[in-house]
Amino acid sequence: MSQPDSTTDLFASTDDDRVVGPLKHVRSVTFDGDVALELGGRLSNVCCAFETWGTLNSDASNAVLVCHAVSGDSHAARHDPDDDPGWWDDLIGPGKPVDTDRFFVVCPNVLGGCRGTTGPSDLNPQTGRPFGADFPRITIGDMVTVQRMLADHLGIGRWHAIVGGSLGGHQAMAWVAKHPDSTDLCVVIASSARLTSQALGFDIIGRNAIQTDPHFYGGQYYDKPKRPNTGLAIARMLGHVTYLSTEAMEQKFGSDRHDPRQIVSVFEQRFSIGSYLAHQGQKFTTRFDANSYVTLTMAMDLFDLGVNRLQLMETFNDVDCQFLVVSFSSDWLFTTDQSRAIVNALTALGKPVTYGEITTPRGHDSFLIAEDIAQYGPLVQARLGDIDTTPASISNVEELILAEIPDRASVLDLGCGDGHLLAALRKRGHEVLVGVEVEQESIVKTGRRGIDVIDYDLNHGLPAFIDNQFDVVILSATLQAVANVETLFQEMIRVGRRIIVSFPNFAYRELREDYVVRGRSPKAPGEFAFEWYNTPNRRFPSIADVHDLCRQMSLRLEKEIYVDASLGKRIDADDDPNLNADTAILVISG
């Protein structure tokens, strides 16, 4: 078999943005006294390595804490054009979503790590030897304790934002759970309230690979001629598989799976993916410590904020901040369902939360990849305060909807589009405003307006919301795109005291003529301007049909408004609106 000329594409990974060797801009502080650990025991004179970008303002209100993943370190971004690349360069820097021209960004190496912060490779003051496997068992909460000591050292009483992906997301949530008033914004990306049993199983296998390596020596290998690099490489190879998706692996290796690259390795290279994993595993051993890998994965496995919504609500009940939660469609290590569980608990508590599920084939690694950062970065930017204040354009029909919403009412807008209706309500003085949308570009636009928006499919009901949570629920120009209409009506009545539904009337005169006179599928300006083969409309309700549904469900029509939007005029109820109106607005109660 012929061998490919280049290994560049095969070997490329997010690990390429990890610095091997000394970090040029790292700083450190050693804290006097002891740190009490959550599982018992103490650590004395803990050292914390960290890097900073930007300038802290006079009242320390522009500080952003960035928390890294299990194999990360303090070098999140470049400090200058000549610096080594950072692992989140596409998110952090001048003019980027986490704008270092505006914010003072701090990224510490975690407790238990091996990049400057106290960890297993450091000397145990009681023995004069490296801790090794005797390093105490730590938790995510212990990492947060050291980070809070760092915040005090830097003069930061409350973060403007705490941002983290994967294990970093665990740290962000642990911060607000332990210290509810610690930040204005908590950003949780590709993370979870606890690991799945499957993810925990992969970690267990990885730790066993390390601890059964003949060169592990019970964790005291630092003065030995060889270290447990084989076990650490296997653990990393296993972990790397979990960071990718099936589709990503097929795209990367499917076409040349039988054409491995030859590299110096003790590992199998019969397939191209074998060469890739061997390369990634061996490269990892040049910059990471096996004991730290054991320590950090164990802390991640012990992390548990709650297994159900009630427990998560108890965890987040006292939190005083906004949230942004981001997940990725192909991430099977930290699944979208796990992110939704967090969002559902926060929503039930009435906490301000925006949630976006990014559609991507790239798996868990997506949170580090430029193409996917381009998708969720604008949401981070908006939540950090960079709001689009462009006035919203409101149609005549939407003006009629706005007129039916009482002053200061809390509003849930289902199928909110780009959030322009909610933006108009905010300008009018409404405070509790939430949108639900599934189209990613619209979610970003709504988020850019500073409106809380949740990525959710209306066909699954409204499980994120509790009974009577909103004064008004709006379903505007969305009814015809919903499959489970009856279920959605039941859910709207459950979560809202007043329901406003607007929809195009498919019994409108011009549409009838299309069928009867011209023998064609209906098409007209506005909501009907689609071909039969590309229409998003799944239902084709008439006004009479919706009236029948309301009667069947024992719903009360409090007000009916009918419009011929094409002519810009209202249609009276006694002027056969089922024929003469192209749009209906119904105000409904249970």
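1. Thr-242 has 3% relative accessibility and therefore counts as buried (under 20% relative accessible area; over 50% is exposed, in between is partly exposed; 1.4 Å probe, protein chains only). This is a predicted model: local features need pLDDT of at least 70, side-chain atom pairs count only at pLDDT 80 or more, and totals for chains, interfaces and linings use all residues. Residues are numbered from 1 along each chain as its sequence is written, and side-chain values use heavy atoms, with hydrogens and water left out.

2. Thr-242 sits in helix α5, residues 229-243 (helices are DSSP runs of H or I, at least four residues, numbered from the N terminus). Residues up to four places away in sequence aside, Thr-242 touches Phe-202, Trp-332, Leu-333 and His-364 (contact means heavy atoms within 4.5 Å).

3. Ala-345 belongs to helix α10, residues 336-348. Its relative accessibility is 0%, so Ala-345 counts as buried. Beyond neighbours within four places in sequence, Ala-345 contacts Arg-309, Leu-312 and Met-313. Gly-306 is 39 residues from Ala-345 in sequence; their C-alpha atoms are 10 Å apart.

4. Helices α2 (residues 140-154) and α3 (residues 167-178) have axes that come within 9 Å and cross at roughly 70°. Axes are lines fitted to C-alpha atoms over the stretch in contact, with angles from 0 to 180 degrees between N-to-C directions.

5. On the α2 side, the contact includes Ile-140, Met-143 and Arg-148. On the α3 side, it includes Leu-167, Trp-175 and Lys-178. The residues of this α2 and α3 contact divide into six nonpolar, five polar and two charged (nonpolar: Ala, Val, Leu, Ile, Met, Phe, Trp, Tyr, Cys and Pro; charged: Asp, Glu, Lys and Arg; polar: the others, Gly among them).

Note on methods. Helix = DSSP H or I, 4+ residues; strand = E, 2+ residues; numbered from the N terminus.
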